[in-house]
Amino acid sequence: MRILKLSEYINILDKDGLLVEFKGDTTALETDIKGLTFDTRTLTENALFVCKGAHFKAEYLEYAVNNGAAAYVSETLYETDAPALIVSDIRRAMSVLAALFFDNAPEKIVSVGITGTKGKSTTAYYMRAVLDKWLEGENKPKSAVISSIDTYDGVMNFESHLTTPEAIELYRHFNNAVESGISHLTMEVSSQALKYGRVSGINFDVVCFSNIGTDHISPIEHADFEDYYTSKLRIFDSCKCACINTDADHAERTLAAADGKCRIVTYGSHENDTIYCSNVEKRGDSIFFSVRTPEFEREMCITMPGLFNVSNALATIAMCYALGVPEKYVYEGLECARAGGRMQVYKSRDEKIIVIVDYAHNRMSFEALFSSVRIEYPGRDVIAVFGCPGKKAHLRRVDLGEVAAKYCDYIIITEEDSGEEPFESIAADIAANIKGCEYAVLEDRGLAIKKAILEYEAAKRIILLTGKGEETRQKRGTEYIDCPSDVDYTLEFLAEYDGALALN
């Protein structure tokens with residue numbers, strides 16, 4: 001972070017063709033800008049305040065001006081005496097301003113970006129585990145991570161609600177990591193972040209394009225699959241090396257989009273892949289597979305359940321190869337890697353009930369999870385507890401209802417960040433796509449999980465709690481409300497089940 005005059009922010013916006021006009025006294029041009037934010041809760045003295053978002057109100061700006069803002073940036077001119085930087089594109093402007101304010105922090109750290117429809121979070125945490133093993137061996141601080149699960153940058157450590165934050169917050173995390181002496185940062189990169197320029201100005205050292213499926217199609221996200229896919233492909237415009245899954249749908253098009261823009265490393269089950277995988281085998285609670293890379297050939301092991309996680313491990317191996325991480329740390333990191341809220345398995349004392357908590361939330365992740373469970377845990381009734389978010393990704397309501405009905409014996413539809421859309425409307429959309437499977441609708445997520453664990457009658461059952469993982473908040477209206485996580489509910493109700501068992 002560096003302190004510059006307001007005039008320098010005006011100049012950079014003008015240079016990038018974003019400045020429409022400056023409204024204010026010329027004496028304001030010499031003001032030292034000491035903060036940059038779009039959130040009134042993080043205002044500092046002489047801050048540059050950004051007016052953005054569908055829910056923005058003029059009173060937010062009034063509050064900002066009365067509490068430290070030296071000027072504001074907006075696409076709209078408001079009735080205030082504060083200096084105004086009027087721009088043509090507020091999203092692009094945020095990236096430009098953040099790069100200047102935080103002194104191009106992303107250029108000072110090794111960065112890893114992961115995109116795809118399924119597996120971003122798990123791959124990010126696999127990568128983090130390997131990097132931390134390596135950095136520990138080098139006596140360096142552990143790596144930073146920005147994901148849909150949580151964020152750690154050396155200064156801040158919190159539960160996330162966005163896969164990829166807005167540019168100002170994103171650059172702040174990079175800056176915090178740099179100032180904390182952190183050498184590597186791994187992050188998930190969403191299609192929205194790529195479409196709207198949240199990662200503009202960041203040239204990743206290595207990226208991973210894991211797969212592509214239909215998701216995030218809605219009036220407020222992507223108009224259609226083509227818009228979603230082409231948004232994802234933009235990641236190749238700002239990276240030095242791309243790791244691409246050749247087993248994924250549309251792999252040839254993905255490879256063509258990266259060709260000529262960056263170095264390419266492929267991974268998958270084809271013998272000509274840079275990172276080639278074969279002989280996948282489940283032994284006990286671990287999954288083993290053979291890997292051949294240009295630098296080594298050996299059997300690898302992951303201890304997280306889910307055969308589909310082999311692909312996430314391969315993505316990690318590919319990125320580590322691109323970064324030059326030694327084989328020893330790749331093996332050790334993958335063997336112990338865990339992702340909070342991903343394939344977390346809990347069992348009753350008599351092992352008649354198995355509960356899996358997982359963030360699976362779209363068609364691809366549901367297909368992977370449910371099909372893998374049927375293979376790995378045969379002879380059990382399968383119960384799913386899930387919902388869909390409000391006002392976005394409308395196709396999920398079709399996809400999740402269809403996939404769950406295909407694999408399950410019983411379904412409970414419940415809340416999952418309904419936000420500003422009535423839960424009843426979301427539940428009805430999901431229910432309309434459940435064919436040939438009994439289901440119930442129960443808005444309270446805790447009661448839904450309780451019903452699955454304590455009330456469903458079957459000799460042996462496996463319960464899949466999807467979508468929320470270890471999150472401790474539900475979005476209701478425009479607010480995030482504190483609540484127990486799926487893990488908390490699981491432990492509570494399994495303890496109740498075990499207690500009743502002990503009394504009989």
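Reply: Start with "buried": a residue is buried when its relative accessible area is under 20%, exposed when it is over 50%, and partly exposed in between (1.4 Å probe, protein chains only). Here, Glu376 has a relative accessibility of 12%, so it counts as buried.

Me: Thanks! What kind of model is this?

Reply: It is a predicted model, in which local features need pLDDT of at least 70, side-chain atom pairs count only at pLDDT 80 or more, and totals for chains, interfaces and linings use all residues. Residues are numbered from 1 along each chain as its sequence is written, and side-chain values use heavy atoms, with hydrogens and water left out.

Me: Got it. Back to Glu376, then: which helix is it in?

Reply: Glu376 belongs to helix α11, which covers residues 363-376. Helices (H or I, at least four residues) and strands (E, at least two) are DSSP runs, numbered from the N terminus.

Me: And how far is Glu376 from Gly306?

Reply: Their C-alpha atoms are separated by 8.0 Å, while along the chain Glu376 and Gly306 are 70 residues apart.

Me: Now Thr293 and Leu501. How far apart are they in space?

Reply: Those two are 51 Å apart, C-alpha to C-alpha, and 208 residues apart in sequence. You can find Thr293 in the loop that runs between β17 (286-292) and β18 (297-302).

Me: A loop residue! Is Thr293 buried or exposed?

Reply: Thr293 is buried, because its relative accessible area is 10%. Another loop residue to look at is Thr414, placed between β22 (410-413) and α13 (423-431). Thr414 has 1% relative accessibility, so it counts as buried.

Me: Let's switch to charges. How many salt bridges are there?

Reply: The structure holds 30 of them. A salt bridge is a side-chain nitrogen of Lys or Arg within 4 Å of a carboxyl oxygen of Asp or Glu.

Me: Why do such side chains pair up at all?

Reply: Side chains of opposite charge can pair when their charged atoms come close.

Me: What about Asp103?

Reply: Asp103 has a salt bridge with Lys108, with 3.0 Å between the closest N and O atoms. Asp103 is partly exposed at a relative accessible area of 26%, and Lys108 is partly exposed at 47%.

Me: And which partner does Asp482 have?

Reply: Asp482 forms its salt bridge with Arg473, where the closest N and O atoms are 3.2 Å apart. Asp482 counts as exposed because its relative accessibility is 60%, whereas Arg473, at 34%, counts as partly exposed. Elsewhere, salt bridges that share partners join Lys52, Arg91, Glu166 and Arg198 into one network.

Me: Last topic: backbone angles. What is phi for Asn46?

Reply: It is near 55°, a positive value in a residue other than glycine. Asn46 lies in the loop between β4 (35-37) and β5 (47-50), and is partly exposed with a relative accessible area of 23%.

Me: And what is phi for His250?

Reply: His250 has a positive phi of about 65°, although it is not a glycine. Look for His250 in the loop between β14 (241-245) and α8 (251-258). At 42% relative accessibility, His250 counts as partly exposed.
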